[in-house]
Amino acid sequence: MTERQGAPDVSIIVVNWNTCDLLTECLDAIVQTGGDLSIEIIVVDNGSTDGSQDMVRQRFPEVNLITNTENLGFAKANNQAIRRSRGRYVLLLNSDAFVRENTIERMVAFMDAHPEAGMAGCKLLYEDGRLQPSCYTFPTLFTEFCIATGLDRLFPKNPLFGKYRMTYWDFGDVREVDSIMGAFMLVRAIAIDEVGLLDERYFMYSEEVDWCYRFKEKGWKIYFYPHTEAVHLWGGSTERVRAEMLMQLYGSRIEFFRKHYGKRSARLLKLLIGFNCLLRIGPGGWYYLRTDNPQVRQKHQAFLRLLQALPAL
């Protein structure tokens with residue numbers, strides 16, 4: 001396999017669903033920080049009704065805009081753009097992620113220097129400047145047990161209990177990892193040619209973990225590179241539909257287990273998720289129901305709905 005000749009350095013893909021203001025900020029950041037790289041930008045709009053499509057046409061006429069009449073999900077929308085992309089690298093970038101000066105240039109330089117790397121992620125920060133953990137080990141029944149019981153949050157610095165989110169690490173050094181967050185995912189195009197596209201059975205969530213798993217199976221390395229940054233707001237387009245997103249999150253995780261670990265592991269995962277729901281609804285319900293915070297109450301209802309939907313996931 002050889003790199004694409006005469007191609008742009010990077011094809012930047014942004015999937016949007018009703019996040020017009022965030023998308024504007026995201027595209028502004030790309031345009032202002034592109035540096036000397038040759039870049040093509042592809043926006044896939046998943047049936048937004050907030051004026052996002054008109055905004056892109058008017059403010060960013062150079063952007064290749066793909067418009068869908070409905071929300072096709074994260075994986076399918078990204079695949080639409082990947083098929084159309086021409087770059088040596090493909091950058092999957094969330095609409096609520098904003099690159100900083102030289103971020104893309106430095107990441108491309110890192111990938112150029114590491115031909116064994118199939119993909120890499122940069123350091124992500126919350127809006128207030130705090131570190132946002134963005135690397136994970138592949139999920140297992142043990143890591144899911146730690147999440148369900150809260151051991152990962154009680155002992156975040158313990159390498160055993162904090163294994164999944166890697167919270168024992170300060171994210172300060174270059175490191176090969178299992179999986180990186182899909183908010184900023186720079187991927188080598190020829191590796192995609194070998195591994196294949198995102199699995200469209202995942203509507204949202206776990207598609208990037210599945211992709212990383214398949215990259216690893218093909219022998220490609222995945223790196224975390226901390227020497228450049230992007231700001232990620234986390235959940236900019238999904239916060240208002242908490243219950244649906246919670247079911248998407250756990251439904252996708254169950255599908256990942258079923259696909260890669262087998263049906264028995266998927267059934268055991270369902271039991272762990274059910275246990276987690278019962279803890280949230282029962283003992284945790286005292287906390288949820290005594291507060292006047294509507295978002296906290298909504299979270300309690302979301303876990304109740306998840307428990308009811310669990311057998312069909």
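The largest nonpolar core of this predicted model comprises 50 residues, with Met119, Trp211 and Phe215 making the most contacts inside it. Here a nonpolar core is a set of buried Ala, Val, Leu, Ile, Met, Phe, Trp, Tyr and Cys residues joined through side-chain atoms within 4.5 Å, and buried means under 20% relative accessible area (1.4 Å probe, protein chains only). Helix α9 (residues 242-260) supplies the largest share of this core, six residues; helices are DSSP runs of H or I with at least four residues, strands are runs of E with at least two, and both are numbered from the N terminus. Leaving aside residues up to four places away in sequence, Trp211 touches Ile82, Leu92, Met119, Met185, Val187, Ile192, Val195, Gly196, Leu197 and Leu198, where contact means heavy atoms within 4.5 Å. Another core, of 43 residues, lies apart from it and includes Leu22, Leu93, Leu124 and Ala230.

Helix α3 (residues 74-84) buries Phe74, Ala75, Ala77, Asn78, Asn79, Ala81 and Ile82. These buried residues pack against β1 (10-16), β2 (39-46), β3 (64-68), β4 (89-93), α7 (189-195) and α8 (207-217).

Turning to a helix pair, the axes of α5 (residues 141-149) and α10 (residues 263-281) come within 9 Å and cross at roughly 10°. The two are therefore roughly parallel to each other (angles under 35 degrees). On the α5 side, the contact involves Leu141, Glu144, Phe145, Ala148 and Thr149.

Residues are numbered from 1 along each chain as its sequence is written. Local features need pLDDT of at least 70 and side-chain atom pairs pLDDT 80 or more, while totals for chains, interfaces and linings use all residues, and side-chain values use heavy atoms, without hydrogens and water.

Definitions and conventions:
Axes fitted to C-alpha atoms, helices over the stretch in contact; angles between N-to-C directions. Parallel < 35°, antiparallel > 145°, perpendicular 65-115°, else oblique.
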